[in-house]
2 protein chains.
Amino acid sequence: MDRQRTDRNEEASAQERPTLKTLAFMTGLGVTTVSRALKDAPEIGAETRRRVQLVAKQIGYRPNRAGVRLRTGKTNVISLVLNTEHELMSFVSDIIYGVTEVIADTPYHLIVTPYSRSQDPLDPVRYLVETGSADGVIISRTQPNDPRARYMLERGIPFATHGRTDMGLVHPYHDFDNYAFANEAVRYLAGRGRSRLALVTPPVGLTYYGHTVNGFVDALSEVGASEVPFNTVSIDQSIEQIRMRTAQLMRRKDRPDGFVSSAAAATLAIVAGIEDAGLKLGRDVDVVSKQSSELLHLFRRELLVVNESFRLAGSELARAVLGWIGGAAPGSLQTLSKPSEVLPYRG
Amino acid sequence: MDRQRTDRNEEASAQERPTLKTLAFMTGLGVTTVSRALKDAPEIGAETRRRVQLVAKQIGYRPNRAGVRLRTGKTNVISLVLNTEHELMSFVSDIIYGVTEVIADTPYHLIVTPYSRSQDPLDPVRYLVETGSADGVIISRTQPNDPRARYMLERGIPFATHGRTDMGLVHPYHDFDNYAFANEAVRYLAGRGRSRLALVTPPVGLTYYGHTVNGFVDALSEVGASEVPFNTVSIDQSIEQIRMRTAQLMRRKDRPDGFVSSAAAATLAIVAGIEDAGLKLGRDVDVVSKQSSELLHLFRRELLVVNESFRLAGSELARAVLGWIGGAAPGSLQTLSKPSEVLPYRG
DNA sequence: TTGGCAATCTGTAACGTTTCAGTATATTGA
DNA sequence: TCAATATACTGAAACGTTACAGATTGCCAA
């Protein structure tokens with residue numbers, strides 16, 4: 001049995017959802033005319049156009065997504081591809097809000113496509129492209145040579161990356177200037193008399209790992225400070241690991257007197273490790289950390305923070321994908337967001 | 001021009017996505033037979049069935065979502081409806097992961113439907129139902145008398161709520177036992193000699209506000225402790241507000257010596273407020289807090305925590321909606337998760 | 001032999017949309 | 001006056017799927 005049980009031969013007053021046919025019947029026009037009138041096609045008379053649009057608005061006509069999608073291939077969907085193990089909590093929530101903010105008054109829906117450690121990060125992207133499930137894709141955890149970007153570029157599907165690539169290929173991205181962040185963090189620490197600095201890096205392999213390290217290293221030589229290697233740790237690791245390794249490090253006599261940390265969660269662990277070693281934040285060591293919500297100052301007032309907005313990233317990425325879908329040049333859809341000043345405790 | 005530019009009259013070797021027609025051509029059968037063979041219809045010969053399924057797997061056939069959706073009305077989508085202002089960060093990320101975990105090996109996609117303060121919470125739900133955009137819906141911030149639940153129940157669209165309602169209507173839900181949480185928190189505090197307790201409540205109006213308050217109040221009288229009213233604060237407020245109000249409260253001579261807090265973010269603010277007033281956690285006052293990630297003990301080791309898993313909530317909610325869609329009785333799809341013990345600092 | 005029936009398979013129509021190839025009417029140019 | 005042309009509209013087909021109502025074949029009972 002068909003799911004429509006009303007007599008549909010001649011549009012009874014049925015309370016079913018209105019379609020083009022309904023509108024055609026009500027206006028006395030053909031469905032073709034109605035379809036074109038709704039999209040302001042030039043070959044439709046001005047009055048007819050207004051009339052159709054009025055009726056459509058009155059009865060709350062909304063195009064059937066499946067109809068459009070089947071006919072045109074346009075899904076009106078953009079997909080956010082997320083790693084279910086390594087994304088930061090605040091990243092997920094803020095970026096989603098940023099994206100939805102932008103697509104709110106468009107016909108687009110946002111679908112979340114997850115993948116896990118065990119999978120090739122290319123899998124979800126391949127799935128989306130092969131099944132034609134989205135008009136545009138947003139990916140994070142971008143690598144200098146990113147197979148996902150290459151793949152989508154080859155297939156011609158619009159996408160935007162959170163973070164840049166370095167393949168000589170041009171595509172939309174939004175990135176935070178992590179070079180500037182690390183650079184300024186070092187300078188700030190130097191200004192407070194710190195000279196032996198350790199860096200808590202982003203995950204090795206991601207593009208912004210390189211940016212961060214470069215900013216850090218360049219600033220070190222500029223201010224004449226030295227690096228205390230801490231390569232065993234990155235922000236992808238568990239709280240416990242980071243804490244333990246930090247405590248180990250801080251018990252050595254050649255310990256650092258300053259940290260630059262790329263993520264708030266890692267910073268909590270760093271601080272815990274510092275305190276495990278019996279040292280005191282602000283006195284024995286200073287820590288500059290990125291954060292995406294205003295929580296670190298509550299945690300320890302001595303922390304020095306730089307803000308990075310993932311909500312902004314979400315908005316920019318959504319704007320970029322929509323722009324590309326809309327025909328803009330990919331190269332014109334690249335944004336870089338500058339870090340805030342280093343903020344000490346204010347009050 | 002049609003988006004398909006290949007000569008499609010007689011299935012050339014075109015690298016287009018395979019459809020039922022492709023399969024029909026390859027197997028020499030009719031599309032109807034192929035369609036039925038793929039869904040194990042009984043009137044298809046066993047060998048034919050195997051043959052079709054083999055070929056389908058070989059060439060990686062995947063049903064076209066738009067085709068199915070247009071024909072059957074089934075969207076294979078479930079929607080998570082979120083408030084973009086008030087949801088907790090960790091809630092969003094964990095619940096999404098929980099949901100995707102469950103739908104990973106189903107044909108379902110997850111779409112995120114946001115709404116903001118300015119909107120009626122019913123708006124997004126109405127939109128989903130009117131446009132038939134999802135087969136099932138998950139909502140949070142559930143109220144005792146929830147118009148959204150009532151609305152969806154009337155329209156017969158499967159949904160699950162995070163939190164219970166109290167309208168005498170039966171529907172799937174997942175809830176955390178906040179009565180037990182508040183109750184045990186009070187008992188624990190009493191066990192540590194605390195007798196003047198304040199409650200940092202969930203948002204007034206949500207069902208679990210009542211549960212929490214009841215658990216708190218009942219336990220108070222059972223252990224003979226008293227309540228220090230703190231009604232000006234709930235976990236929906238800003239960090240700054242909570243912090244300020246807590247500091248005010250703690251400067252009064254009739255201040256509490258114990259807090260029960262319903263959310264980790266609020267707890268950070270509470271502690272900050274306590275310390276603003278010059279008091280010390282663990283000595284002057286104890287705080288029991290719910291948390292959804294293991295961060296509070298890093299924050300202040302003296303904090304007493306109870307864990308609530310939003311990932312579990314996401315999974316359970318997804319299971320519930322899918323169950324309802326699959327025809328299970330709504331009443332059989334209700335789960336309540338018990339709080340962990342109160343966990344003091346362990347090392 | 002014939003009729004009936006079960007077992008398999010098939011063509012057609014429909015879901016709602018857009019595109020293509022028109023048609024009908026009014027308007028213009030010579 | 002007649003044809004050419006612009007204007008405003010229209011029906012049919014197609015996207016990929018499933019439901020309905022057959023169609024074909026073989027087999028068995030009468």
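The model shown is predicted. Helix α10 covers residues 239-251 of chain A, and helix α11 covers residues 264-276 of chain A. Their axes come within 7 Å and cross at roughly 40°. Axes are lines fitted to C-alpha atoms over the stretch in contact, with angles from 0 to 180 degrees between N-to-C directions. Under 35 degrees is roughly parallel, over 145 roughly antiparallel, 65 to 115 roughly perpendicular, the rest oblique. The crossing is right-handed (near helix turned clockwise from the far one by less than a right angle; anticlockwise is left-handed).

**Residues of α10(A) meet residues of α11(A).** From α10(A) come A:Ile239, A:Ile242, A:Arg243, A:Thr246, A:Ala247, A:Met250 and A:Arg251. From α11(A) come A:Ala265, A:Ala266, A:Ala269, A:Ile270, A:Ala272, A:Gly273, A:Ile274 and A:Asp276. Contact means heavy atoms within 4.5 Å. By class, this contact of α10(A) with α11(A) holds ten nonpolar, two polar and three charged residues (Ala, Val, Leu, Ile, Met, Phe, Trp, Tyr, Cys and Pro are nonpolar; Asp, Glu, Lys and Arg charged; others, Gly among them, polar).

**Helices α1(A) and α2(A) come within 8 Å, axis to axis.** Helix α1 spans residues 20-27 of chain A, and helix α2 spans residues 31-38 of chain A. Their axes cross at roughly 105°. That makes α1(A) roughly perpendicular to α2(A). A:Leu20, A:Lys21, A:Leu23, A:Ala24 and A:Thr27 of α1(A) meet A:Val31, A:Val34, A:Ser35 and A:Leu38 of α2(A). Six of the contact residues are nonpolar, two are polar and one is charged.

**α4(A) crosses α4(B) at roughly 140°.** The two axes come within 8 Å. α4(A) is thus oblique to α4(B). Their crossing is left-handed. On the α4(A) side, the contact is made by A:Arg65, A:Ala66, A:Gly67, A:Arg69 and A:Leu70. On the α4(B) side, B:Arg65, B:Ala66, B:Gly67, B:Arg69 and B:Leu70 take part. Four of these residues are nonpolar, two polar and four charged.

**The largest cavity holds about 130 Å³ of space.** The structure has two cavities of 30 Å³ or more. A cavity is a set of points on a 1 Å grid over the protein atoms alone where a 1.4 Å probe fits but cannot get out; lining residues have an atom within 4 Å of a point. Points join across faces, edges and corners, and the volume is that of probe spheres set on them. The lining has 14 residues, and A:Arg69, A:Val77, B:Arg65, B:Arg69 and B:Val77 lie nearest the centre. α4 (65-72) and β2 (109-115) of chain A, and α4 (65-72) and β2 (109-115) of chain B, each supply at least two lining residues. Helices (H or I, at least four residues) and strands (E, at least two) are DSSP runs, numbered from the N terminus. α4(B) gives the most, with three residues. The lining divides into five nonpolar, five polar and four charged residues.

**The second largest cavity has a volume of about 50 Å³.** A:Arg65, A:Ala66, A:Val68, A:Arg69, A:Lys74, A:Thr75, A:Asn76 and B:Arg69 line it. α4(A) supplies the largest share of this lining, four residues. Two lining residues are nonpolar, two polar and four charged.

Residues are numbered from 1 along each chain as its sequence is written, while chains are lettered from A and ligands numbered from 1 in the order in which they are written. In this predicted model, local features need pLDDT of at least 70, side-chain atom pairs count only at pLDDT 80 or more, and totals for chains, interfaces and linings use all residues; side-chain values use heavy atoms, leaving out hydrogens and water.

How values were computed. 1 Å grid on protein atoms, 1.4 Å probe; cavity = no way out; pocket = protein on both sides within 12 Å on 5 of 7 lines; lining within 4 Å.
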